[in-house]
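User: Hi, I'd like to learn how to read a fold from its coordinates. Could you walk me through this one?

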Amino acid sequence: MFFSSVHTVKRLIEPISRKALTPYRFLLAAGTMSILAACGFTGQETSQQPVPSAMREPVELVFFSTSGWSEEAFNERFGQTMRAKFPEYTIKYIQASKEVTMESLITSKTAIDVYWDTHTATFNNLDRFKIQSDMSGLIQKHNVNLAQLDPSSLHIAKSMSGGGISALPLVSNTEVLYYNKDVFDKFGVAFPKDGMTRDELLDLAKRFNRTDGGIKYYGLGTYPSYALALSPFSIPYVDAKTDKATIQTDPRWKTLYEHLVTAYQTTDNKKMSDPNQFLKGNMAMFLGLANMFLNFDVSAMNWDIASYPLYKEVPGVGQQALPTMFAITSLSKHPDQAMEVLSYMLSEEVQKSLSERAIIPILQTPAVIQAYGTKAPYPNKNYSAILKNKFTNSPPMTVYDLRVQNIYLKPLEQLAQGTIDLNTAFRQIEEESNQWIAQEKASK
């Protein structure tokens with residue numbers, strides 16, 4: 001989301017604007033009428049011409065995800081909007097579980113129309129199960145104007161699709177700095193500000209690793225996986241040309257690990273990546289996902305947010321995008337209807353509604369950007385911090401990234417505790433990663 005065009009809207013809510021024409025679909029079905037596109041963005045909110053319900057054939061569209069989202073969460077974010085617009089379509093959501101997996105659904109010949117998850121999981125599973133399909137024709141047919149979408153998220157979709165587009169982003173995410181105002185007030189420390197560097201953040205966090213009145217306080221909780229995978233340095237875990245781990249060949253990994261180790265040391269060398277640990281009230285700050293306040297009950301905490309702290313080595317560069325990708329699979333029995341639904345979810349009407357709730361949208365029109373956070377559930381919060389920084393493009397990704405990421409994360413607590421040094425840890429990561437990749441390639 002942190003998009004170049006956003007600067008034309010004065011970085012108010014940075015990442016989602018673009019001066020481009022807004023396409024609106026007028027679908028007139030029944031095979032006798034053509035798809036027409038109307039354009040000419042005026043800055044005023046407009047709506048798509050609805051398709052008469054009598055002209056749509058009732059179908060069931062199956063949405064499946066390995067993200068762990070409950071049906072309630074899916075409905076709140078996506079499903080209710082889809083059903084309201086397309087009452088003729090039965091929108092069925094299947095949540096992955098121990099019993100319900102991608103393997104079990106494919107074995108049972110379940111027609112998964114749309115598979116969705118984070119971009120890494122989506123493309124990894126599409127490739128693993130060979131269920132990807134090129135959506136380019138459907139995108140053109142349904143007049144999705146790709147030029148209006150977040151370029152960072154679209155870059156990921158194109159780079160992972162082998163020349164076509166096998167998934168589209170609908171919303172995105174990033175990290176921001178949450179802080180507990182009561183903890184800062186208790187110790188007389190000034191609140192964090194937008195534009196802090198990572199070094200300034202860590203110096204601040206060290207001031208809270210203490211015990212007071214018998215209560216243990218901590219400085220900074222983090223998601224180590226996002227710190228590595230979404231870093232502004234855009235370092236790939238695996239070199240896409242050689243299929244080898246980059247841990248020993250790119251010196252920027254050292255900077256990332258040193259910062260993570262320092263963060264661990266502000267929490268007594270413990271991994272604290274669960275937002276619930278922050279919500280207990282004895283942690284000063286947490287680098288959490290921007291939508292954390294929508295997914296966890298933060299009503300009892302006196303909190304606010306500041307923008308993602310930048311690395312001094314890459315000034316002005318924010319994280320990589322973390323888009324949620326929706327892919328129409330090769331298993332779909334109704335790809336045209338599925339694309340109709342996805343196209344509507346990328347309309348200005350829907351994207352503005354998401355933006356109002358402080359959900360990072362993909363569409364970049366001024367109306368969508370200016371609406372950001374205006375109807376968020378908690379008033380008087382610094383929501384503009386979420387879109388403060390410009391996204392950087394992601395590096396080339398591979399199907400090995402998810403598993404290799406776990407290998408990269410393994411030695412962090414040992415590093416923080418001082419039981420292993422960086423050189424040894426990096427050597428172990430390289431050896432284990434390359435060995436696993438070789439075994440994986442040999443098994444295919």
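This is a predicted model: local features need pLDDT of at least 70, side-chain atom pairs count only at pLDDT 80 or more; totals for chains, interfaces and linings use all residues.

User: How many helices and strands does the protein chain have?

Analyst: Helices (H or I, at least four residues) and strands (E, at least two) are DSSP runs, numbered from the N terminus. The protein chain has 17 helices and 17 strands. Of its 444 residues, 55% count as buried, and buried means under 20% relative accessible area, exposed over 50%, partly exposed in between (1.4 Å probe, protein chains only).

User: What is the strand order in the sheet with 6 strands?

Analyst: In general, strands of a sheet pair through backbone hydrogen bonds, either parallel or antiparallel. Two strands pair here if DSSP finds at least two bridges between them. The sheet is open, runs S4-S3-S5-S15-S6-S16 and has mixed pairing. Strand S4 (89-95) and strand S16 (360-361) are at the edges with a single partner strand each, so one side of each has no neighbour in the sheet. Inside the sheet, S6 (residues 168-172) and S15 (residues 324-328) pair in the antiparallel sense over 3 bridges, and Leu168 stands opposite Phe326 in S15.

User: Which helix packs on that sheet?

Analyst: That's H12 (residues 335-345), which touches S3 (59-65), S4, S5 (114-118), S6 and S15. Contact means heavy atoms within 4.5 Å. The direction of H12 makes about 65° with that of S3; axes are lines fitted to C-alpha atoms, for helices over the stretch in contact, and angles run from 0 to 180 degrees between N-to-C directions.

User: And what order do the strands take in the sheet with 5 strands?

Analyst: S8-S9-S12-S7-S13, again open with mixed pairing. The edge strands are S8 (210-212) and S13 (303-306), each with a single partner strand, so one side of each is left without a neighbour in the sheet. On average, neighbouring strands are turned by 30° against each other, direction ignored. S7 (residues 175-180) runs antiparallel to S13, joined by 4 bridges, with Leu177 partnered by Ala306.

User: How do H15 and H17 cross?

Analyst: The axes of H15 (residues 401-409) and H17 (residues 422-442) come within 9 Å and cross at roughly 160°. That makes the two helices roughly antiparallel, since angles under 35 degrees count as roughly parallel, over 145 as roughly antiparallel, 65 to 115 as roughly perpendicular and the rest as oblique. Residues in the contact include Ile407 of H15 and Trp436 of H17.

User: Is Ser355 buried or exposed?

Analyst: Ser355 counts as buried because its relative accessibility is 0%. This residue is found in H13 (residues 348-356), where 7 of the 9 residues are buried, so the helix is largely enclosed by the rest of the structure. Leaving out residues up to four places away in sequence, Ser355 touches Pro361, Val368, Ile369, Ala371, Tyr372 and Gly373. Just after H13, Ala358 takes a positive phi of about 65°.

User: What does Thr122 touch?

Analyst: Thr122 is found in H3 (residues 119-129) and is buried, with a relative accessible area of 0%. Not counting residues up to four places away in sequence, its contacts include Trp116, Ala167 and Met325.

How values were computed
Residues are numbered from 1 along each chain as its sequence is written. Side-chain values use heavy atoms; hydrogens and water are left out.
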